[in-house]
Amino acid sequence: MLAIFATFTFSTIAGATAVVPAIFHRADTAAITNSVCTSRGQYACNLSSEDIIVCTFSPSAVDYSLVWTVAATCSTGNICKIISGIPYCVESAVANVVSVVQTTTSTFQQAFTSVSSVNTMAVRRKTSTSTTTTTTTTTTDQVLITATSASSSQQSLLTFPIKCIYNDDGQYYSSIGAYATSLGLYTEYNVVNLAFWLSSGPADAAYTWSTMDQTTKTQILNKLHSSGKLLLVSAFGATEFPTTGGLDPITTAMNLATFVKANQLDGCDIDYEDNTAMNGGTAEAWLITFMQALRGQLPSGQYVVSHAPQAPYFFINTVQYPNGAYMEVDRSVGSLIDFYNVQFYNQGSTDYASCDTLLTKANGYFAGTSLFEISANGVPLNKLVIGKPVTTAGVANTGYMSPTLLAECVSEAKAMGWNAGVMGWQSTLDVPLGSWISTVAAEL
């Protein structure tokens, strides 16, 4: 799944070792023909200059149209290249780098054009944080990428299509290998969400992870990362309703971020299911403030942050959701969210149980909340991951699909231009582990 540079570290001139921010979505270069882009958060090299560009909102557009804006500019003499989906400002001459560049060819330029032959190469990368109105750019010198180095966290590249599984298995395992296997090491899953983090502390699988020593965590993460997998913690779920419960959004975000960092995780998933707050119109402001604070601690490009809204939260109906529910969240802070694990199940009469009702025309009360209807209302299509229960044991009422039928729907959606991925609830129902995703992912 990952190319040759799957894991790497960099050293500053001062010699301090740090982590290269590596969570970028490779853009479709064929689409970068003018100012219009299609998926917020995508980074790419500009076709006509040496700029690294990012897809975001136009600062002045009242319709919140998506445009390419400059996130960083390569200095004179550098070239902008995509390596494993990450845009870099690459030094065009060996003399421009501080450390020795070891290659199997005579010059850096030749080595770069034949990436498979490179043992080690030095590049210069500019990273940035972007909002709808401002861009802040910093430069890191002497970035050292090696094909053989390994690191403990935040290293694996977020790749689409997403193949996500929630892990609510709180049991202990006798060995590192057994535990890594239980997290889907030998499956096609590329994102594993530990359930759940609560304001009172971690529970179930999240608690089990938190009790391990740092060395053990590092060893497990190295196994997962080397297989192209990210390990996240999922917050709240159907256990905690943070807005109705009176939690402060900023404090909650800070506490969650602290847990992510302390436990070497690649990010977090926000499974917000506070229906009372959504119906009352108080959820949106809470989530927006929460996300802004969370990204202040877990920057884009260094940590993954996904959300897991129930599909009806995209319902456009001011009687049901007076302040817009997740349509307003996406409009305000969608650029801070990497993807949505949309729960297309447990919604009563709106059952999402056929390819038609799942993909193009939702039935029942929550009309307009199928996959392509949500996208038509402004949410980026390739951020909308289809979430389904793995078996009937994972569903409270409606929405279950057999993996074979879901695979057929995935195939249909892909033919219509979608390729965000799928999410399953949950790993203990996927027996043998990986069989569900193997069937469904065959059509991705």
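Gln-426 sits in the loop between β19 (421-425) and α12 (435-441). Keep in mind that this is a predicted model. The protein chain has 444 residues, and 55% of them count as buried. If you take the contacts with a separation of 6 or more, 71% of them link residues 24 or more positions apart.

**Cis peptide bonds**

- Gln-426 is joined to Trp-425 by a cis peptide bond, with omega at about -5°.
- Another cis peptide bond links Ala-195 to Phe-196, and here omega is about -10°.
- Phe-196 belongs to strand β12, which covers residues 191-198.

**Positive phi without a glycine**

- Phe-236 is not a glycine, yet its phi is positive, at about 80°.
- You'll find Phe-236 in strand β14, residues 230-237.
- Phe-236 has 0% relative accessibility, so it counts as buried.
- Gln-264 is not a glycine either, and it has a positive phi of about 60°.
- Gln-264 lies in the loop that runs between α5 and β15 (267-272).
- With a relative accessible area of 12%, Gln-264 is buried, because the cut-off is under 20%.

**How α7 packs against α8**

- Helix α7 (residues 283-297) packs on helix α8 (residues 325-333) at an angle of about 30°, and their axes are 9 Å apart.
- Angles under 35 degrees count as roughly parallel, and α7 and α8 are therefore roughly parallel to each other.
- The crossing of α7 past α8 is right-handed.
- On the α7 side, the contact is made by Glu-284, Leu-287, Ile-288, Met-291 and Gln-292.
- On the α8 side, Ala-325, Tyr-326, Glu-328, Val-329, Ser-332 and Val-333 make the contact.
- Sorted by class, the α7 and α8 contact comes to 7 nonpolar, 2 polar and 2 charged residues.

**How α5 packs against α7**

- Helix α5 (residues 249-262) also meets α7: their axes come within 8 Å and cross at roughly 35°.
- The α5 and α7 crossing is right-handed.
- From α5, the residues in this contact are Pro-249, Ile-250, Thr-252, Ala-253, Met-254, Leu-256, Ala-257 and Lys-261.
- They meet Trp-286, Thr-289, Phe-290, Ala-293, Leu-294 and Gln-297 of α7.
- By class, the contact of α5 with α7 splits into 10 nonpolar residues, 3 polar and 1 charged.

**Nonpolar cores**

- As background, nonpolar side chains tend to be buried together in soluble globular proteins.
- In this model the largest nonpolar core holds 102 residues, and Ile-270, Leu-294 and Trp-418 have the most contacts inside it.
- Helix α7 gives the most to this core, with 8 residues.
- Another core, of 8 residues, lies apart from the largest one, and its members include Cys-45, Ile-52, Ala-71 and Cys-80.

**Around Trp-418 and Val-410**

- Setting aside neighbours within four places in sequence, Trp-418 contacts Leu-371, Phe-372, Leu-381, Asn-382, Leu-384, Ile-386, Val-410, Ala-413 and Leu-444.
- One of those partners, Val-410, is placed in helix α11, residues 403-415.
- Val-410 is buried, with a relative accessible area of 0%.
- Not counting residues up to four places away in sequence, Val-410 touches Trp-418, Val-422, Val-440, Glu-443 and Leu-444.
- Val-410 and Glu-443 are 33 residues apart in sequence, but C-alpha to C-alpha they are 6.2 Å apart.

**Around Gly-267**

- Gly-267 is part of strand β15.
- Gly-267 counts as buried, at 0% relative accessibility.
- Leaving out neighbours within four places in sequence, Gly-267 is in contact with Leu-231, Leu-232, Val-233, Val-260, Tyr-303 and Val-304.
- Gly-267 and Leu-232 are 35 residues apart along the sequence, with 4.9 Å between their C-alpha atoms.

Definitions and conventions:
Residues are numbered from 1 along each chain as its sequence is written. This is a predicted model: local features need pLDDT of at least 70, side-chain atom pairs count only at pLDDT 80 or more; totals for chains, interfaces and linings use all residues. Side-chain values use heavy atoms; hydrogens and water are left out. Axes are lines fitted to C-alpha atoms, for helices over the stretch in contact, and angles run from 0 to 180 degrees between N-to-C directions. Helices (H or I, at least four residues) and strands (E, at least two) are DSSP runs, numbered from the N terminus. Angles under 35 degrees count as roughly parallel, over 145 as roughly antiparallel, 65 to 115 as roughly perpendicular and the rest as oblique. A crossing is left-handed if the near helix is turned anticlockwise from the far one by less than a right angle, and right-handed if clockwise. Contact means heavy atoms within 4.5 Å. Ala, Val, Leu, Ile, Met, Phe, Trp, Tyr, Cys and Pro count as nonpolar, Asp, Glu, Lys and Arg as charged, and the others, Gly among them, as polar. A nonpolar core is a set of buried Ala, Val, Leu, Ile, Met, Phe, Trp, Tyr and Cys residues joined through side-chain atoms within 4.5 Å. Buried means under 20% relative accessible area, exposed over 50%, partly exposed in between (1.4 Å probe, protein chains only).
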